[in-house]
Amino acid sequence: MEKWQNQTEKQMLERIRSSVGRVELPVDSYNEQIMNRIEHLETRGGNKLLKKTLAAASIAVVIGLGTITAGFISPAWADTLSQIPVFSSIFKHTENPGLKLAAEQGLTTSPNMSVTKDGVTLSVTEVFYDGIQLAIGFERTGVADERVLAEITDFKTHEFDQSTKGLLGLPEVTLATGEPIGFGSSITGDVKGQPNTLLLELRELHNASALGDEFKVNIRVPVAQIAEPFEFEVTAKKLAEGIINLTPGQGASKDSFHYKVKSLDITPAAMRMIITSEGEVPASPEQTGEYGPTAVFYELVDDAGNVAASKQGYALMKAVQHPIVDSLYNTFPQTPKTITVRPYTMTLDNDLKLLLDDNGKPVRTYHKDLESTIVIP
Amino acid sequence: MEQGNPGGPMNPNKIEEAIHQVHAGDRQAFSTIIKEYERKIYTYCYYLLRSREEAEDAVQDIFVKVYQQLGRYERRVSFSAWLYKVAYHHCLDQLRRRKRRSRLLSLYKLQLMTNQQALPEESPVDRIFENLTSEERGLLILRVIEQYSFEEISMITGSSSAALRKKYERLRKKLIQQKADEKGGCAHGEVAESN
């Protein structure tokens, strides 16, 4: 290692060394988890009986012309399938805390449907619907590659890289009528820590009330180097309990800016708020000249002081006025008595970089006079 | 500092013996390898991925992978360097996946404001790392913390040692500049605080 030129560099490196050296594992050891996974893998790879059961399950499915509905699986089969380790909960490992919670509380349904084509088996293992989001968990077997989702080469046409057999393209979800389901944002991706799984989340669903409490969706998943897509017909059942739908219509004004809470939906897995607004984005004295505000964000605070941050993204433009903001939030620990909407902006400089505080976090400018408290019945 | 034994364990023989035992079919012997290196690999992943949760998952995935690929390990390089190689490629893959996920959202011309921005317990060193790229952070760990030679880092990352030397020089300059900026920043902070 070369000699450092001066004391400052030496000190800095020492500081880095000592700080990095202090990083500790969040747990005592991962030994047990890792060894369990290894054991599980070896058992799975070596257990002939299990492989046979899987193959039999696949045959039963292929008879259904590649499409399988819940009706095709007898309770005995469903029982057998649920005992096979591949059908474990994907939702429990997702980054979406609401979905995780829903899985842990048993609020999801497990259709356990599988389709096998050309040696590749794809299963729909879990479905969750609460009127706000529809999440579908997939599991794939028969492909050695750890990646599940192929590289999407064109997001408009959903074209994807076909070079590795068995990698999936973007699933297409339509209603029984053939119409696509409208949504505000979607996330499709591999689930970390859960090899061979894929999670599809359609959020801020459009016109969800028209979908009813139970509806059928068709899912088509294209797979690289397999001519026909894998098709499933799944029933999405809306969560029966713990859903609150409000249309408060209240809001606040400051200068020319005015907003109104059009609706607030609370489910055990998420909250969704639709805000309509008009006028110019309010700017603080610091947000002038080189600096300017971002769009307005709306943070939610319950009566116990818990804060739910908006998952709304930000456009790299100053003072963008969104007439409608449809945003998802994580739930509060308990159903609150009141929820206060706390509008704020962040600050962009001329390079459209966010102004950060000493801790490296974006500086937020709150507007106390724009706060509005909603009473939850 | 363990000069002459970069990234290595206190007792290299113990590791060699464990590898031998695993090869011979004693699965449990792999625990010795996990316990010896898990903290180092977690730290490396944490600084590359800048996410505690992702690093936790990564460290487990990496050791499972290492177990599966142990047959491929050749003694031409140190075991620790080989371990870092698996970790490096795994994290690279994670970063690509992350990019792909956010690209999906970029359809809506939005930037994901994920918890990547909000790292808990941020220290001044964390802030130094924040201004570096994943590649630079990885290089810093391998070179400064683990004290690998450029040749060894070349084996881990697949970049040529000449290119790594250049990158490291640039990184040094960047750190010095950052230090200078930080001094300015601190003075500013102090004024703000005294008000």
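Reply: Contact, for a start, means heavy atoms within 4.5 Å. This is a predicted model, so local features need pLDDT of at least 70 and side-chain atom pairs count only at pLDDT 80 or more, while totals for chains, interfaces and linings use all residues. Residues are numbered from 1 along each chain as its sequence is written, chains are lettered from A and ligands numbered from 1 in the order in which they are written, and side-chain values use heavy atoms, with hydrogens and water left out.

Me: Okay, which residues is Ser372(A) in contact with, leaving aside neighbours within four places in sequence?

Reply: Ser372(A) sits in strand S22 (residues 372-375) of chain A, where helices (H or I, at least four residues) and strands (E, at least two) are DSSP runs numbered from the N terminus. Its relative accessibility is 5%, so Ser372(A) counts as buried (under 20% relative accessible area; exposed is over 50%, partly exposed in between, with a 1.4 Å probe and protein chains only). Beyond the sequence neighbours, the contacts of Ser372(A) are Gln250(A), Gly251(A), Tyr259(A), Ile339(A), Thr340(A) and Val341(A).

Me: And which side chain makes a polar contact with the side chain of Ser372(A)?

Reply: A polar contact is a pair of N or O atoms within 3.5 Å; within protein, one must be able to donate a hydrogen and the other to accept it, and residues adjacent in sequence count only if both atoms are side-chain atoms. At 3.0 Å, the partner of Ser372(A) is the side chain of Gln250(A).

Me: Why do the buried residues of H5(A) end up on the same side?

Reply: The buried residues in helix H5 (residues 97-104) of chain A are Gly98(A), Leu99(A), Ala102(A) and Ala103(A). They share one side of H5(A) because they cover an arc around the axis (taken from the directions from the helix axis to the C-beta atoms) of only 135°.

Me: How far apart are the C-alpha atoms of His93(A) and Gln194(A)?

Reply: His93(A) is in the loop between helix H4 (75-83) and H5 of chain A, and at 35% relative accessibility His93(A) counts as partly exposed. Gln194(A) is 101 residues away from His93(A) along the chain, yet their C-alpha separation is 7.1 Å.

Me: Over to chain B: how many helices and strands does it have?

Reply: Its pattern along the sequence reads α-α-α-α-α-α-α-α. Of its 195 residues, 48% count as buried. The tally for chain B is 8 helices and 0 strands.

Me: Which element gives the largest share of the lining of the second largest cavity?

Reply: Helices H6 (134-145), H7 (150-157) and H8 (161-194) of chain B each give two or more residues to the lining of the second largest cavity. The largest share, 4 residues, comes from H6(B).
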